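Hello,

Here is the structure I promised to pass on. Please open it and follow along with the notes below.

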Amino acid sequence: MGITLRTKYEPVRSFFTAIIIIVAASVAASGQEPVSVIKSDITEKIDGTTYYLHFVKEGETIYSLARAYGVDVSTVFIHNASAQDGIKPGQLIKIPQISAAESIGDKIQAADSANFHYHIVQQGETLFGLSKKYSISIGKIKELNPRLEEYPKTGQLLRIPKNLSGKQEVAEGYIIHEVSKGETLFSLAKKYDVTIGQIKNANPEIAEAIKTGQSLYIPATKKEIPEEEVEAVKDSDDGFIKHTVTSGETLYAIAHKYAVEIDTLKHYNPGLSEIINQGQMIRIPVSDEQRTFIVHHSYTKEKLESIAGKYGLEAGQIEEMNPGVSKRIKSGENIKIPVNPVEKQAPDTTGKEMVKREDLEEKPCSRRHSEANRTFNVALMIPFFLENYDSVMMSEPDFFDLRDMRSFRFIQFYEGFLLAADSMRKKGMDINLFVYDVDNDARKTRRTLESSELSSMDLIIGPFYSASFTEAQKFAKTFNITIVNPLSPRNDIVKSNPSVFKMMPAEKSQAEIISSFVLKKFIGSNIILVRQNKYQHAAESQSIIEEINQGRARGIYYGNRWMMNNIPAIRNQSQVYSENKLIRQSSLKEHPGDSLYFSNSVKEINYTSDSLPNLRLSMSYLRHNVVIVISEDKVFAQEIMSRLNKMGLQKSITLIGYPEWEQFEGLETEYKLNLDFHTLSPALIDYQADGTKEFISKFRKMFGTEPVMEFYAYQGFDIGWYFLNALSRFGIRFEDCLNDFNPGLLHTRFYFRKSSDGGYENQYWNLVKFKDYEKVNAWKIF
């Protein structure tokens, strides 16, 4: 087992040796540069369709042919079945003379052969649904598509065998019934001796009422169809419990009973919704794992109490497992639900040969034995700018003088990734690593995407530049390849492509993290939120205010005697303002047994209109002050820190700023220390951690230089380590298995949330505190 570096890279001892090898390897990486495709002038009409007849030349690929003729790749496959196994020089390819709009939708049936037709998998389609649609068994679909996994990917091209028997009424244990006038679900259930739940389970698209003329699938019974006419079901249910819904039972109760997520139930029961009926059969995957919780994913805003009720729990039970959780759960948030799973019965093997555990159908996020001995193809697209390499002065170079040179900016990302790949090799993983020089040159990007081997990748890392990544992700979407954007902060890169992973954390998650941190560490403090004006960051401000206000008591009482004895400012002055309340010393002395009430609501300051005096009046002498400043303006940041530093001489203050502050030059270090300054950061390295020390030692030994954060050495390692581990453990369909996946990284953590209309975006921000002139992890301090 090991790594095959298709660019013929080898571990190197010095930085400059690495550059030289990369230059030499760039020629070997692709063998030949892809040639420009010249459209054929030869046309011929076949079965009513006019085709270009194109003879493949050396270096041409399916992707380059499709682009040259203005059709999509799937169209080429549909009209040239053998092309799916690759093309070679001299091969004849038929390309239809049709518009791009017609290429899939109107011509999908044009390539029907004698025994099968093609089908492009649409979003949400399953093998079960396709078997019903085409009245053919799942087993036969798998026979014609030997590489097909249990759940086909959206956009995947499948060969569907034709049903040559002419028996359209029976499809894998079902009959087709056309609804007549006056018929109802109840009458059909009675007629066929099945339950309403079984009918709805077989027809997830139907509502409570059915329509005349509608075709329904009815589970076949011996009463209606002779046994010899019913084709045996070939997809085994071994490894599953068949649960029959009882009266009053809910999907959430079933999920809680068997310690399995709602989404997992829906995954294994295509068309399953939260509305279930008595008699409906639900497949429950069996697992040896003894789980203490399952994950509830909120697709809309929900109250914690409502979620608890769905699972038959008290809100307090969920709060114990999710410290600091808000009473109001946001859309997209994950909540741990405690479970005490029942002893799971053995899978039903009646009438079937007993099978070994490893032969059972694989479960959603278990280690996949079928992937254990395979080799993974991984593409790494890094901007080396190799055409500029000759300009590098090789005499007495200073590594740190090269940081502004484009050719050297990302070399350590590559080296960090290599180190991760080498570590995975030692764990037994086989990797074919293809490395490409892809920068912001559109022509270079297109040439790379025409590389013949690229469509066989299991994972693509990069490109780094926006325009190049846009082109690459279109390619990845066409071939259903997971693609990772390492450095872009733009939110729109995940839109409309479910295969994209964005590594830079989402801006919208900043408010959530700040609120959670404040509630955990400063729940009893006086909280003030400051923004520069009333227009900027209104939504983020409101979100923070609502979360904090909902997460703690409405107010607090301070006794008069306690204030006189413990607050020097009150004891030494006749009157003071604290939290917008005038406190008179004389009144406290006159009524020592009384107390004053102070609201816990977050105090919002619009600095432009409310000005400094209102900020000063909102501060507290009685308790710690937490000031959250939402602004990306450097001048404003400098001013507010200066003002707060003066107030801090008499008051206890923690200042929380936004991530941009970390990049501002000119912010006084003494102010940061005095104000207990905290901020969010996409990266934080603990140089005292054993893992970091080991990485630095190996990096020095392997590359003869120091890993530098600004050169992305740590990012390269972490991205490689994370995704290679995910591939090795879960296989190429790892995206649904990452909720609790944490392989141990160096500079951050990755916590992905799927966008509603596209891919996955990292939500994790490091919360950094300045202590003893160093940046430390604020979560670890308390």
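This is a predicted model: local features need pLDDT of at least 70, side-chain atom pairs count only at pLDDT 80 or more; totals for chains, interfaces and linings use all residues.

Now the geometry. H15 covers residues 509-521 and H16 covers residues 538-550. Their axes lie 9 Å apart, at an angle of about 30°. Angles under 35 degrees count as roughly parallel, so H15 and H16 are roughly parallel to each other. The crossing of H15 past H16 is right-handed.

Next, the length of H15. It has 13 residues, which at 1.5 Å a residue should span 18 Å. Its end C-alpha atoms are 19 Å apart, so the two values agree.

Which residues of H15 are buried? They are Ser509, Gln510, Ala511, Ile513, Ile514, Ser515, Phe517, Val518 and Leu519. What covers them includes H16 and several strands. Those strands are E20 (526-531), E26 (625-630), E27 (653-657), E28 (678-681) and E31 (766-771).

An α-helix has 3.6 residues a turn, so residues three or four places apart point the same way.

Last, look at Asp458. This residue sits in the loop between helix H13 (442-449) and strand E17 (459-461). Is Asp458 buried or exposed? Its relative accessible area is 11%. The cut-off for buried is under 20%, so Asp458 is buried. Leaving out residues up to four places away in sequence, Asp458 touches Arg374, Thr375, Phe376, Asn377, Ile481, Thr482 and Ile732.

Best wishes

Methods
Residues are numbered from 1 along each chain as its sequence is written. Side-chain values use heavy atoms; hydrogens and water are left out. Axes are lines fitted to C-alpha atoms, for helices over the stretch in contact, and angles run from 0 to 180 degrees between N-to-C directions. Helices (H or I, at least four residues) and strands (E, at least two) are DSSP runs, numbered from the N terminus. Angles under 35 degrees count as roughly parallel, over 145 as roughly antiparallel, 65 to 115 as roughly perpendicular and the rest as oblique. A crossing is left-handed if the near helix is turned anticlockwise from the far one by less than a right angle, and right-handed if clockwise. The expected span of a helix is 1.5 Å times one less than its number of residues. Buried means under 20% relative accessible area, exposed over 50%, partly exposed in between (1.4 Å probe, protein chains only). Contact means heavy atoms within 4.5 Å.
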